[in-house]
Amino acid sequence: MASRPFSPGDITADEHADERAGDGRLHRYRLIVLAGGVGDVVGSAGGFLCDRARAGWDVSVHLTGGVDARALAILGITAAEPDADPGAVIRRCPRGAVLAVDAGLLARDAAIREDVSRMVVQGLTEVTVWGRPELGELGQGLEPATQPLSAAARAFKAQALLATGLAAKNTGTVAPDEMLYRLRGRPARLLRSV
């Protein structure tokens, strides 16, 4: 049986309308970041985010504090417009996207912690946390995940740290990995054979 070659022109907009972004492009993997400030994002997860952006992910950072887009641009990340309600960013997170959240922000804001917890329990998205996780009951579902960084991510992170003012010009190197945590929901119930 012969098959005909497939070309991107074979896909019609009507067939895949739900897979398209508002501007007509097909969706890419999405990573939505919620943090307090640029320095914390770059210092704790900048290499991880840079590697995702370089791999073709749509990475957007939503900050509760001021936005200095220069350091984020160095990493290849989009700085989203500040949202008055950070919880709204979480509630609008599309199914299948990955959410990355600062542990300090989760610890400080009960509403954000509740929204994230709801997403995890419902299994709507994967949640990654960086920083020192002191999150009470929510912290019990944290699973350490060391993220190795590419050489390019380390180089871009070093420049982004300089842009934020967190690193002196003559500092040596960026660590070869970053410690992140995956937030897991309740474990699935074990089924017993009958």
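Me: How many salt bridges does the structure hold?

Reply: The structure, a predicted model in which local features need pLDDT of at least 70, side-chain atom pairs count only at pLDDT 80 or more, and totals for chains, interfaces and linings use all residues, holds 7 salt bridges. Residues are numbered from 1 along each chain as its sequence is written, and side-chain values use heavy atoms, with hydrogens and water left out.

Me: Why is the pair Arg28 and Asp58 called a salt bridge?

Reply: The term requires a side-chain nitrogen of Lys or Arg within 4 Å of a carboxyl oxygen of Asp or Glu. The N to O distance between Arg28 and Asp58 is 3.8 Å, so the pair meets the definition.

Me: What makes this pair a tie between separate parts of the chain?

Reply: Arg28 lies in the segment before strand S1 (30-35) and Asp58 in strand S2 (residues 58-63), so parts 30 residues apart in sequence are tied together. Strands (E, at least two residues) and helices (H or I, at least four) are DSSP runs, numbered from the N terminus.

Me: Why is Asp115 called buried, whereas Arg28 is called partly exposed?

Reply: Buried means under 20% relative accessible area, exposed over 50%, and partly exposed in between (1.4 Å probe, protein chains only). Asp115 has 7% relative accessibility and therefore counts as buried; Arg28, at 42%, counts as partly exposed.

Me: Which residues are linked with Asp115 in a network of salt bridges?

Reply: Arg91, Glu114 and Arg118 are linked with Asp115 in that network. The side chains of Arg91 and Asp115 meet at 2.8 Å, N to O.
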